[in-house]
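Colleague: I have a few quick questions about this one. Can you walk me through it?

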Amino acid sequence: MTDASQPILRINALTKRFDDFTALHGVDLNVAEGEFLAIVGPSGSGKTTLIRILVGMDELSDGAVWLRNTRIDVVPANKRPTCMVFQSLALFPHRTVGQNIEFPLKLRKVPPAERKARALELLDTLRLPRDYYDKRIQQCSGGEKQRVALARALAFDPEILFFDEPLSALDYRLRKTLEKELKDLHRRTGKTFIYITHSLEEAMVMSDRIAIMKAGRFEQIAPAEEIYARPVSKFVAEFMGEVNFFDLRNGQAEGLLMTPETAAALAGRSGTLTIRPESLRTLPEGQAADLTFEGEIVAEYLLGSRMQYRMMLATGQEMIVEVLRENGVAGGIGAALRVGCDLSAAHLIEEARDAAA
Ligand SMILES: Nc1ncnc2c1ncn2[C@@H]1O[C@H](COP(=O)(O)OP(=O)(O)OP(=O)(O)O)[C@@H](O)[C@H]1O
Ligand SMILES: [Mg+2]
(Lines give C-alpha, C1' and ligand atoms only; values in the text may rest on other atoms or scores of the structure.)
(Ligands and ions follow the chains in the order given, each with its own letter.)
Protein backbone atom coordinates (compact mmCIF):
# COMPACT_ATOMS: atom_id res chain seq x y z
CA MET A 1 0.00 0.00 0.00
CA THR A 2 1.26 3.46 -0.74
CA ASP A 3 0.42 6.42 1.34
CA ALA A 4 0.79 9.70 -0.53
CA SER A 5 1.90 11.53 2.59
CA GLN A 6 4.63 9.02 3.29
CA PRO A 7 8.02 9.84 1.71
CA ILE A 8 9.20 7.30 -0.83
CA LEU A 9 12.75 7.68 0.47
CA ARG A 10 13.94 8.47 3.96
CA ILE A 11 17.58 8.99 4.79
CA ASN A 12 18.30 8.99 8.45
CA ALA A 13 21.53 10.26 10.05
CA LEU A 14 23.61 8.81 7.24
CA THR A 15 27.35 8.96 7.83
CA LYS A 16 30.06 7.79 5.46
CA ARG A 17 33.68 7.51 6.48
CA PHE A 18 36.60 6.62 4.24
CA ASP A 19 39.30 5.68 6.76
CA ASP A 20 39.73 8.83 8.82
CA PHE A 21 37.95 11.09 6.34
CA THR A 22 34.23 11.68 6.84
CA ALA A 23 32.51 12.30 3.49
CA LEU A 24 28.95 12.49 4.86
CA HIS A 25 28.14 13.75 8.34
CA GLY A 26 24.86 12.25 9.51
CA VAL A 27 22.65 13.60 6.74
CA ASP A 28 18.85 13.48 6.85
CA LEU A 29 16.63 13.71 3.81
CA ASN A 30 13.05 12.84 2.92
CA VAL A 31 12.02 12.60 -0.71
CA ALA A 32 8.35 12.67 -1.65
CA GLU A 33 6.75 10.25 -4.08
CA GLY A 34 7.02 11.66 -7.61
CA GLU A 35 9.31 14.48 -6.57
CA PHE A 36 12.13 15.87 -8.72
CA LEU A 37 14.90 16.62 -6.27
CA ALA A 38 18.14 18.19 -7.43
CA ILE A 39 21.29 17.89 -5.37
CA VAL A 40 23.87 20.58 -6.04
CA GLY A 41 27.12 21.44 -4.36
CA PRO A 42 30.78 22.04 -5.02
CA SER A 43 33.13 19.31 -6.15
CA GLY A 44 33.93 16.92 -3.32
CA SER A 45 30.89 17.83 -1.20
CA GLY A 46 29.65 14.23 -1.18
CA LYS A 47 26.94 14.10 -3.85
CA THR A 48 28.18 11.01 -5.68
CA THR A 49 29.04 9.29 -2.41
CA LEU A 50 25.45 9.72 -1.26
CA ILE A 51 23.98 8.35 -4.50
CA ARG A 52 26.37 5.40 -4.52
CA ILE A 53 25.16 4.47 -1.05
CA LEU A 54 21.50 4.89 -2.01
CA VAL A 55 21.80 2.55 -5.00
CA GLY A 56 23.92 0.05 -3.09
CA MET A 57 27.23 0.59 -4.88
CA ASP A 58 28.80 1.49 -1.55
CA GLU A 59 28.05 0.91 2.10
CA LEU A 60 27.22 3.50 4.70
CA SER A 61 29.16 3.72 7.96
CA ASP A 62 26.22 4.76 10.09
CA GLY A 63 22.53 5.59 9.76
CA ALA A 64 19.70 4.07 7.77
CA VAL A 65 17.93 4.38 4.41
CA TRP A 66 14.28 3.50 3.99
CA LEU A 67 12.36 2.94 0.78
CA ARG A 68 8.77 3.30 1.97
CA ASN A 69 8.56 0.73 4.77
CA THR A 70 11.64 -1.25 3.83
CA ARG A 71 15.06 -0.58 5.20
CA ILE A 72 17.27 -0.86 2.10
CA ASP A 73 20.78 -0.05 3.30
CA VAL A 74 21.02 -3.62 4.54
CA VAL A 75 19.85 -5.07 1.19
CA PRO A 76 22.51 -5.99 -1.42
CA ALA A 77 22.53 -3.84 -4.58
CA ASN A 78 21.34 -6.61 -6.90
CA LYS A 79 18.32 -7.11 -4.67
CA ARG A 80 17.46 -3.43 -5.00
CA PRO A 81 15.72 -3.23 -8.38
CA THR A 82 14.13 -0.04 -7.16
CA CYS A 83 17.19 2.08 -7.70
CA MET A 84 18.94 2.87 -10.90
CA VAL A 85 21.71 5.23 -11.81
CA PHE A 86 21.38 6.66 -15.21
CA GLN A 87 24.60 6.35 -17.22
CA SER A 88 24.58 6.83 -20.96
CA LEU A 89 28.11 5.50 -21.32
CA ALA A 90 27.05 2.07 -20.21
CA LEU A 91 25.11 1.33 -23.42
CA PHE A 92 26.22 -1.68 -25.47
CA PRO A 93 27.68 0.04 -28.56
CA HIS A 94 27.53 -2.94 -30.93
CA ARG A 95 23.94 -3.83 -30.19
CA THR A 96 20.80 -2.22 -31.50
CA VAL A 97 18.72 0.40 -29.77
CA GLY A 98 16.04 -2.24 -29.19
CA GLN A 99 18.46 -4.72 -27.63
CA ASN A 100 19.76 -2.04 -25.32
CA ILE A 101 16.33 -0.97 -24.14
CA GLU A 102 15.19 -4.56 -23.68
CA PHE A 103 18.24 -5.54 -21.67
CA PRO A 104 16.61 -5.14 -18.23
CA LEU A 105 13.49 -6.95 -19.44
CA LYS A 106 15.57 -9.83 -20.73
CA LEU A 107 17.24 -10.08 -17.33
CA ARG A 108 13.78 -10.46 -15.89
CA LYS A 109 12.91 -13.14 -18.46
CA VAL A 110 10.09 -11.16 -20.03
CA PRO A 111 9.00 -12.97 -23.27
CA PRO A 112 10.40 -11.49 -26.54
CA ALA A 113 7.11 -10.17 -27.97
CA GLU A 114 6.27 -8.39 -24.75
CA ARG A 115 9.81 -7.00 -24.55
CA LYS A 116 9.58 -5.55 -28.02
CA ALA A 117 6.19 -4.00 -27.37
CA ARG A 118 7.55 -2.32 -24.25
CA ALA A 119 10.69 -1.12 -26.06
CA LEU A 120 8.58 0.47 -28.80
CA GLU A 121 6.45 2.18 -26.18
CA LEU A 122 9.58 3.53 -24.53
CA LEU A 123 10.82 4.85 -27.88
CA ASP A 124 7.54 6.78 -28.06
CA THR A 125 7.99 8.02 -24.51
CA LEU A 126 11.46 9.31 -25.34
CA ARG A 127 10.21 10.73 -28.64
CA LEU A 128 12.50 8.58 -30.75
CA PRO A 129 11.11 7.19 -34.03
CA ARG A 130 10.01 3.57 -33.78
CA ASP A 131 12.30 2.53 -36.64
CA TYR A 132 15.24 3.29 -34.36
CA TYR A 133 14.50 -0.07 -32.79
CA ASP A 134 16.86 -1.76 -35.30
CA LYS A 135 19.44 0.99 -35.44
CA ARG A 136 22.86 0.37 -33.91
CA ILE A 137 23.98 2.48 -30.97
CA GLN A 138 27.11 3.51 -32.92
CA GLN A 139 24.84 5.09 -35.54
CA CYS A 140 23.09 7.30 -32.97
CA SER A 141 24.04 10.87 -32.15
CA GLY A 142 25.03 11.91 -28.63
CA GLY A 143 21.57 13.16 -27.82
CA GLU A 144 19.91 10.04 -29.22
CA LYS A 145 22.21 7.82 -27.15
CA GLN A 146 21.23 9.79 -24.10
CA ARG A 147 17.58 9.11 -24.87
CA VAL A 148 18.17 5.40 -25.46
CA ALA A 149 19.97 5.21 -22.12
CA LEU A 150 17.00 6.89 -20.50
CA ALA A 151 14.59 4.47 -22.16
CA ARG A 152 16.68 1.61 -20.84
CA ALA A 153 16.69 3.09 -17.34
CA LEU A 154 12.90 3.31 -17.52
CA ALA A 155 12.70 -0.30 -18.74
CA PHE A 156 14.12 -1.31 -15.36
CA ASP A 157 10.97 0.29 -13.99
CA PRO A 158 12.76 1.64 -10.95
CA GLU A 159 10.87 3.32 -8.13
CA ILE A 160 13.45 6.07 -8.09
CA LEU A 161 15.70 7.20 -10.92
CA PHE A 162 19.06 8.57 -9.90
CA PHE A 163 21.08 10.78 -12.19
CA ASP A 164 24.68 11.77 -11.57
CA GLU A 165 25.44 14.71 -13.85
CA PRO A 166 24.02 13.03 -16.96
CA LEU A 167 24.30 16.07 -19.20
CA SER A 168 27.66 17.46 -18.15
CA ALA A 169 29.52 16.05 -21.18
CA LEU A 170 27.11 17.46 -23.74
CA ASP A 171 27.26 20.74 -25.59
CA TYR A 172 25.15 23.66 -24.44
CA ARG A 173 22.29 23.35 -26.93
CA LEU A 174 21.86 19.64 -26.52
CA ARG A 175 21.96 20.07 -22.77
CA LYS A 176 19.22 22.67 -22.89
CA THR A 177 17.06 20.41 -25.04
CA LEU A 178 17.56 17.38 -22.83
CA GLU A 179 16.94 19.39 -19.66
CA LYS A 180 13.46 20.17 -20.90
CA GLU A 181 12.93 16.61 -22.10
CA LEU A 182 13.93 15.22 -18.74
CA LYS A 183 11.54 17.50 -16.97
CA ASP A 184 8.84 16.51 -19.38
CA LEU A 185 9.68 12.84 -18.93
CA HIS A 186 9.42 13.27 -15.19
CA ARG A 187 5.96 14.70 -15.55
CA ARG A 188 4.79 12.00 -17.92
CA THR A 189 6.14 9.05 -15.93
CA GLY A 190 5.32 10.37 -12.45
CA LYS A 191 8.53 8.73 -11.20
CA THR A 192 10.70 10.05 -8.42
CA PHE A 193 13.88 11.64 -9.80
CA ILE A 194 17.00 12.43 -7.79
CA TYR A 195 19.36 14.42 -9.89
CA ILE A 196 22.90 15.54 -9.16
CA THR A 197 24.23 18.50 -11.03
CA HIS A 198 26.95 21.12 -10.85
CA SER A 199 24.71 23.47 -12.72
CA LEU A 200 22.43 25.52 -10.62
CA GLU A 201 20.60 26.65 -13.72
CA GLU A 202 19.84 23.03 -14.55
CA ALA A 203 18.60 22.44 -11.01
CA MET A 204 16.36 25.48 -11.17
CA VAL A 205 14.84 24.60 -14.53
CA MET A 206 13.99 21.05 -13.63
CA SER A 207 13.48 20.39 -9.96
CA ASP A 208 10.74 20.74 -7.37
CA ARG A 209 13.29 21.17 -4.59
CA ILE A 210 17.00 21.78 -4.47
CA ALA A 211 19.27 20.32 -1.81
CA ILE A 212 22.48 22.28 -1.44
CA MET A 213 25.39 20.25 -0.20
CA LYS A 214 28.52 21.54 1.43
CA ALA A 215 31.32 19.43 2.87
CA GLY A 216 29.20 16.36 3.52
CA ARG A 217 26.14 18.14 4.90
CA PHE A 218 22.93 19.59 3.51
CA GLU A 219 23.08 23.31 3.93
CA GLN A 220 19.52 23.99 2.75
CA ILE A 221 16.76 21.93 1.16
CA ALA A 222 13.91 23.94 -0.33
CA PRO A 223 12.22 24.98 -3.58
CA ALA A 224 14.47 27.08 -5.82
CA GLU A 225 12.57 30.33 -5.23
CA GLU A 226 12.97 30.00 -1.51
CA ILE A 227 16.65 29.19 -1.66
CA TYR A 228 17.12 32.12 -3.97
CA ALA A 229 15.12 34.62 -1.94
CA ARG A 230 15.85 33.36 1.57
CA PRO A 231 19.23 31.61 1.68
CA VAL A 232 20.15 30.37 5.14
CA SER A 233 23.82 31.22 4.74
CA LYS A 234 26.24 33.27 2.70
CA PHE A 235 27.44 30.05 1.11
CA VAL A 236 23.97 29.29 -0.24
CA ALA A 237 23.38 32.90 -1.30
CA GLU A 238 26.60 32.92 -3.33
CA PHE A 239 25.91 29.51 -4.76
CA MET A 240 22.60 30.78 -6.12
CA GLY A 241 24.19 33.52 -8.21
CA GLU A 242 25.56 37.00 -7.82
CA VAL A 243 24.68 38.76 -4.62
CA ASN A 244 25.65 41.79 -2.56
CA PHE A 245 26.40 41.40 1.13
CA PHE A 246 26.25 44.09 3.80
CA ASP A 247 27.44 43.53 7.29
CA LEU A 248 24.65 44.69 9.57
CA ARG A 249 25.62 45.50 13.20
CA ASN A 250 22.83 46.52 15.51
CA GLY A 251 20.77 47.84 12.65
CA GLN A 252 23.64 49.77 11.10
CA ALA A 253 25.59 49.02 7.93
CA GLU A 254 28.30 51.05 6.26
CA GLY A 255 27.45 52.46 2.87
CA LEU A 256 23.74 51.96 3.29
CA LEU A 257 21.25 54.80 3.46
CA MET A 258 17.92 53.97 5.09
CA THR A 259 14.59 55.67 5.43
CA PRO A 260 13.48 56.14 9.06
CA GLU A 261 10.97 53.27 8.58
CA THR A 262 13.71 50.94 7.36
CA ALA A 263 15.98 51.96 10.22
CA ALA A 264 13.18 51.18 12.68
CA ALA A 265 12.57 47.77 11.09
CA LEU A 266 16.24 46.84 11.25
CA ALA A 267 16.91 48.36 14.68
CA GLY A 268 18.98 46.09 16.89
CA ARG A 269 19.38 43.38 14.27
CA SER A 270 22.71 41.92 13.20
CA GLY A 271 23.79 39.61 10.43
CA THR A 272 24.39 39.71 6.71
CA LEU A 273 22.01 41.68 4.58
CA THR A 274 21.82 40.10 1.12
CA ILE A 275 20.60 41.95 -1.93
CA ARG A 276 20.41 40.43 -5.41
CA PRO A 277 21.73 42.68 -8.22
CA GLU A 278 18.39 42.52 -10.06
CA SER A 279 16.43 43.66 -6.99
CA LEU A 280 18.03 47.07 -7.36
CA ARG A 281 16.67 49.92 -9.46
CA THR A 282 18.21 53.16 -10.54
CA LEU A 283 16.88 56.15 -8.61
CA PRO A 284 16.31 59.61 -10.06
CA GLU A 285 17.97 62.54 -8.32
CA GLY A 286 16.25 63.39 -5.04
CA GLN A 287 14.38 60.09 -4.79
CA ALA A 288 15.16 57.53 -2.09
CA ALA A 289 14.17 53.90 -1.63
CA ASP A 290 13.87 51.90 1.61
CA LEU A 291 17.55 51.13 1.10
CA THR A 292 19.63 53.47 -1.04
CA PHE A 293 23.20 53.19 -2.29
CA GLU A 294 25.31 55.88 -3.90
CA GLY A 295 28.53 55.36 -5.75
CA GLU A 296 30.47 55.49 -8.96
CA ILE A 297 30.34 53.11 -11.92
CA VAL A 298 33.62 51.20 -12.22
CA ALA A 299 32.53 48.75 -14.91
CA GLU A 300 29.50 48.10 -17.06
CA TYR A 301 28.42 45.10 -19.11
CA LEU A 302 25.61 44.62 -21.54
CA LEU A 303 23.85 41.32 -20.80
CA GLY A 304 21.35 41.09 -23.62
CA SER A 305 18.30 43.03 -22.47
CA ARG A 306 19.91 43.95 -19.15
CA MET A 307 22.77 46.16 -18.02
CA GLN A 308 25.08 45.16 -15.25
CA TYR A 309 27.08 47.77 -13.35
CA ARG A 310 29.85 47.37 -10.88
CA MET A 311 29.63 50.31 -8.60
CA MET A 312 32.09 51.50 -5.99
CA LEU A 313 30.55 52.90 -2.82
CA ALA A 314 32.23 55.64 -0.79
CA THR A 315 33.16 52.94 1.73
CA GLY A 316 35.25 51.19 -0.92
CA GLN A 317 32.82 48.26 -1.20
CA GLU A 318 31.93 47.15 -4.69
CA MET A 319 28.35 46.41 -5.55
CA ILE A 320 26.74 44.62 -8.47
CA VAL A 321 23.64 46.22 -9.95
CA GLU A 322 21.51 44.80 -12.73
CA VAL A 323 18.73 46.71 -14.42
CA LEU A 324 16.76 46.55 -17.65
CA ARG A 325 18.71 48.21 -20.42
CA GLU A 326 16.16 50.99 -20.87
CA ASN A 327 16.50 51.82 -17.16
CA GLY A 328 20.28 52.08 -17.40
CA VAL A 329 22.17 55.31 -16.96
CA ALA A 330 24.19 57.23 -19.49
CA GLY A 331 27.68 58.35 -18.63
CA GLY A 332 29.56 55.11 -18.44
CA ILE A 333 32.57 54.39 -16.27
CA GLY A 334 33.21 57.10 -13.70
CA ALA A 335 29.61 58.34 -13.71
CA ALA A 336 27.66 58.62 -10.46
CA LEU A 337 25.02 55.98 -9.78
CA ARG A 338 22.21 55.92 -7.24
CA VAL A 339 20.30 52.71 -6.78
CA GLY A 340 17.88 51.36 -4.25
CA CYS A 341 15.48 48.59 -3.34
CA ASP A 342 12.53 47.84 -1.11
CA LEU A 343 13.35 46.38 2.27
CA SER A 344 11.30 43.32 1.30
CA ALA A 345 13.79 42.59 -1.50
CA ALA A 346 16.64 42.39 1.01
CA HIS A 347 17.11 39.25 3.04
CA LEU A 348 18.82 39.20 6.42
CA ILE A 349 20.85 36.13 7.27
CA GLU A 350 20.76 36.35 11.03
CA GLU A 351 24.08 36.09 12.80
CA ALA A 352 23.51 32.82 14.67
CA ARG A 353 22.24 30.94 11.60
CA ASP A 354 25.27 31.73 9.49
CA ALA A 355 27.81 31.03 12.23
CA ALA A 356 26.23 27.61 12.76
CA ALA A 357 26.31 26.76 9.05
N1 LIG B 1 36.58 5.61 -2.27
C2 LIG B 1 36.96 6.73 -1.65
N3 LIG B 1 37.98 6.74 -0.78
C4 LIG B 1 38.35 7.86 -0.14
N5 LIG B 1 37.76 9.05 -0.28
C6 LIG B 1 36.73 9.12 -1.13
C7 LIG B 1 36.27 7.97 -1.86
N8 LIG B 1 35.22 8.35 -2.63
C9 LIG B 1 35.04 9.67 -2.40
N10 LIG B 1 35.94 10.14 -1.50
C11 LIG B 1 36.03 11.52 -0.99
O12 LIG B 1 34.77 11.91 -0.51
C13 LIG B 1 34.51 13.26 -0.84
C14 LIG B 1 33.19 13.36 -1.59
O15 LIG B 1 33.35 12.78 -2.88
P16 LIG B 1 32.17 12.75 -3.94
O17 LIG B 1 32.64 11.97 -5.10
O18 LIG B 1 30.95 12.28 -3.25
O19 LIG B 1 32.02 14.27 -4.31
P20 LIG B 1 31.02 14.98 -5.33
O21 LIG B 1 30.21 15.94 -4.54
O22 LIG B 1 30.32 13.96 -6.13
O23 LIG B 1 32.04 15.79 -6.24
P24 LIG B 1 32.02 16.10 -7.83
O25 LIG B 1 31.08 17.25 -7.99
O26 LIG B 1 33.41 16.49 -8.12
O27 LIG B 1 31.57 14.85 -8.54
C28 LIG B 1 35.71 13.75 -1.63
O29 LIG B 1 36.56 14.46 -0.76
C30 LIG B 1 36.36 12.48 -2.11
O31 LIG B 1 37.73 12.65 -2.25
MG1 LIG C 1 30.31 13.44 -8.19
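This is a predicted model: local features need pLDDT of at least 70, side-chain atom pairs count only at pLDDT 80 or more; totals for chains, interfaces and linings use all residues.

Colleague: Okay. Into which domains is the chain divided?

Modeller: Domain 1 covers 9-237, and domain 2 covers 242-356.

Colleague: What distance separates their centres?

Modeller: The centres of domain 1 and domain 2 are 39 Å apart, taken over C-alpha atoms. Eight residues from domain 1 take part in the contact, along with nine residues from domain 2.

Colleague: New topic, the ligand. Which residues come nearest to ligand 1?

Modeller: Ser-43, Gly-44, Lys-47, Thr-48 and Thr-49. They belong to a set of 13 residues around ligand 1.

Colleague: And what is that shell made of, by class?

Modeller: Seven polar, four nonpolar and two charged residues.

Colleague: Which helix gives the most to the shell?

Modeller: Helix 1, with three residues. Strand 2 (21-31) and helix 1 (47-55) each supply at least two.

Colleague: Which polar atoms lie by the oxygen atoms of ligand 1?

Modeller: A polar backbone atom of Gly-44 is 2.8 Å from an oxygen atom of ligand 1. For Ser-45, a polar backbone atom is 3.2 Å from an oxygen atom of the ligand. Thr-48 uses its side chain instead: a polar atom there lies 2.8 Å from a ligand oxygen.

Colleague: How much of ligand 1 does the protein cover?

Modeller: It covers 59% of the 640 Å² of accessible area that ligand 1 has on its own.

Colleague: Let's move to Thr-292. Is that residue buried or exposed?

Modeller: Buried. Its relative accessibility is 3%, and the cut-off for buried is under 20%, so Thr-292 counts as buried.

Colleague: Where is Thr-292 found?

Modeller: In strand 15, residues 291-303. A polar atom of the Thr-292 side chain lies 3.0 Å from the backbone nitrogen of Ala-289.

Colleague: What is Thr-292 in contact with, leaving aside neighbours within four places in sequence?

Modeller: Gly-255, Leu-256, Leu-257, Leu-283, Arg-338, Val-339 and Gly-340.

Colleague: Last one, Lys-180. Buried or exposed?

Modeller: Exposed. Its relative accessible area is 56%, and exposed means over 50%, so Lys-180 qualifies. Lys-180 lies in helix 5, residues 172-189.

Colleague: What separates Lys-180 from Glu-202?

Modeller: They are 22 residues apart along the chain, and 9.4 Å separate their C-alpha atoms.

Notes. Residues are numbered from 1 along each chain as its sequence is written. Chains are lettered from A and ligands numbered from 1 in the order in which they are written. Side-chain values use heavy atoms; hydrogens and water are left out. A residue is near a molecule or strand if one of its heavy atoms lies within 4 Å of it. A polar contact is a pair of N or O atoms within 3.5 Å; within protein, one must be able to donate a hydrogen and the other to accept it, and residues adjacent in sequence count only if both atoms are side-chain atoms. Accessible areas come from the Shrake-Rupley method with a 1.4 Å probe; for residues, only the protein chains shown count as cover. Helices (H or I, at least four residues) and strands (E, at least two) are DSSP runs, numbered from the N terminus. Ala, Val, Leu, Ile, Met, Phe, Trp, Tyr, Cys and Pro count as nonpolar, Asp, Glu, Lys and Arg as charged, and the others, Gly among them, as polar. Buried means under 20% relative accessible area, exposed over 50%, partly exposed in between (1.4 Å probe, protein chains only). Contact means heavy atoms within 4.5 Å. Domain bounds come from an automatic or database domain assignment.
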